[in-house]
Amino acid sequence: MNRHRTALSVLLSAGALVAGALTAATPSIAADAPASFRQQQTPGFWTAERMRSATPLDVTATPGASRTPVATTAAPTVVAPTAAAASPTAFPQAGGAWTGGGAVVKTSGRVFFTMGGRTASCSGNSITSANGSTVMTAGHCVKYQGAWHTNWVFVPAYSNGSAPYGQWSATKTFATDQWAASEDMNHDVGLAVVAPLNGQTLSQAVGAQGVLFNGGYNKKMYSFGFPAAAPYDGSKLVYCSGNSGKDFLLTKDHGLGCNMTGGSSGGPWFQDFNEATGLGMQVSVNSFGYVFFPNRMFGPYLGNEAKAAYDKAQVS
């Protein structure tokens, strides 16, 4: 096992996946590991009770491991949003239920999947794409410890076991090349292409947020997700907001004051977010927190690497 994989295995915290300990040993991943996976689905698998009991997936870290640098000098690439109405709420916010309404209520949702024989959950968001059927989430919410998750579904506007806009089954899941090859925390970005439902694409049914690649650092940010580990229970959409900074320890990620817990992984971070409409430009996803640095969330910089993965997904 190379030094990079050994270092990453040390970063994974106990209790992240199941109530108990997470094994420290992780499989070695080939450098040419495929960055996409054709999904396998079991019809009717995700019952309301199974969704409620899915284990929240999360990653915590300690400093000291080297990572692939993130290019931050490229010109910004903007993918405009597709639309929806709300009332404003508090800024800054370290973690609270989103009561403002608007487009974000429908575009964001919970992600459910099978991982190593267990059911688990993350968060995700519908984004504007050529196929109208693309969800952005965290890399570890599509592939983790060398294995791709199966039975992957997206439930927009999830509410305590109910799926008001249905369960959207992934036909294919993607990750950045860097996450697929070595689970590099700098590039913890995943995507899924979901099958049409009731004759509609995902964006036709719930709308889609815009995406901004190479948007820079130190911005006013809003983060959303469905944290399911205590003190949260995964039943509602939660948000954090504030002025972001740049991680100075392990990664080149964005950092934001936020107390969201496991299960929020993969939820969207927005720049230029409009509280009245619930629309913004997605610039990151909830990725990890440091064990010794509570109430602060980190999310990967969406650079050229994330753009390449998005380009593959949106035409799949």
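Predicted model: local features only at pLDDT ≥ 70, side-chain atom pairs only at ≥ 80, totals over all residues.
A residue counts as buried when its relative accessible area is under 20%, as exposed when that area is over 50%, and as partly exposed in between. With this scale in hand, Lys312, at 42% relative accessibility, counts as partly exposed.

Lys312 forms a salt bridge with Asp177, and the closest N and O atoms of the two are 3.3 Å apart. Because Asp177 lies in helix α4, residues 177-182, while Lys312 lies in helix α6, residues 304-314, this pair ties together parts that are 135 residues apart in sequence. Asp177, at 44% relative accessibility, likewise counts as partly exposed. The structure holds 2 salt bridges, and the side chains of Lys307 and Asp311 also meet in one, with a distance of 2.9 Å from N to O. Here both partners, Lys307 and Asp311, lie in helix α6, 4 residues apart, which is about one turn of the helix. Asp311 is partly exposed, with a relative accessible area of 29%.

From charged side chains we can turn to aromatic ones. A pair of aromatic rings is described by the distance of the centres and the angle of the planes. A search of the whole structure finds 19 aromatic pairs. In one of them, the rings of Phe112 and Tyr158 have centres 5.7 Å apart and planes at 55°, so this pair is tilted. Phe112 belongs to strand β6, residues 108-115, whereas Tyr158 sits in the loop between β11 (150-156) and β12 (168-175), so the pair ties together parts that are 46 residues apart in sequence. Both residues are hidden from the surface by the scale above: Phe112 is buried, with a relative accessible area of 0%, and Tyr158 is buried with a value of 4%.

Another pair is formed by Phe224 and Phe273, whose ring centres are 5.3 Å apart and whose planes are at 50°, so this pair is tilted. Since Phe224 lies in strand β15 (residues 220-225) and Phe273 in strand β19 (residues 268-274), the pair ties together parts that are 49 residues apart in sequence. Phe224 is buried at 0% relative accessible area, and Phe273, at 11%, counts as buried. These two residues belong to one aromatic cluster, which is formed by Phe91, Trp98, Tyr222, Phe224, Tyr239, Phe270 and Phe273.

Where does Asp253 lie? It is found in the loop between β17 and β18, and at 0% relative accessibility Asp253 counts as buried. Although Asp253 and Met297 are 44 residues apart in sequence, they are 9.7 Å apart in space, C-alpha to C-alpha.

Phe248 is also found in the loop between β17 (245-246) and β18 (254-257), yet it is exposed, with a relative accessible area of 67%. Together with Leu249, Val291, Phe292 and Phe293, Phe248 makes a nonpolar surface patch of about 510 Å². One loop therefore holds both a buried residue, Asp253, and an exposed one, Phe248.

Key: Residues numbered from 1 in each chain as written. Heavy atoms only, no water. Phe/Tyr/Trp six-rings, centres within 6.5 Å; stacked < 30°, edge-to-face > 60°. Helix = DSSP H or I, 4+ residues; strand = E, 2+ residues; numbered from the N terminus. Buried < 20%, exposed > 50% of the residue type's maximum accessible area, 1.4 Å probe, protein only. Patch = residues over 30% accessible without salt bridge, like charges linked within 9 Å, V, L, I, M, F, W, Y side chains within 5 Å. Areas by Shrake-Rupley, 256 points an atom, 1.4 Å probe, with all protein chains shown as cover. Salt bridge = Lys/Arg side-chain N within 4 Å of Asp/Glu carboxyl O.
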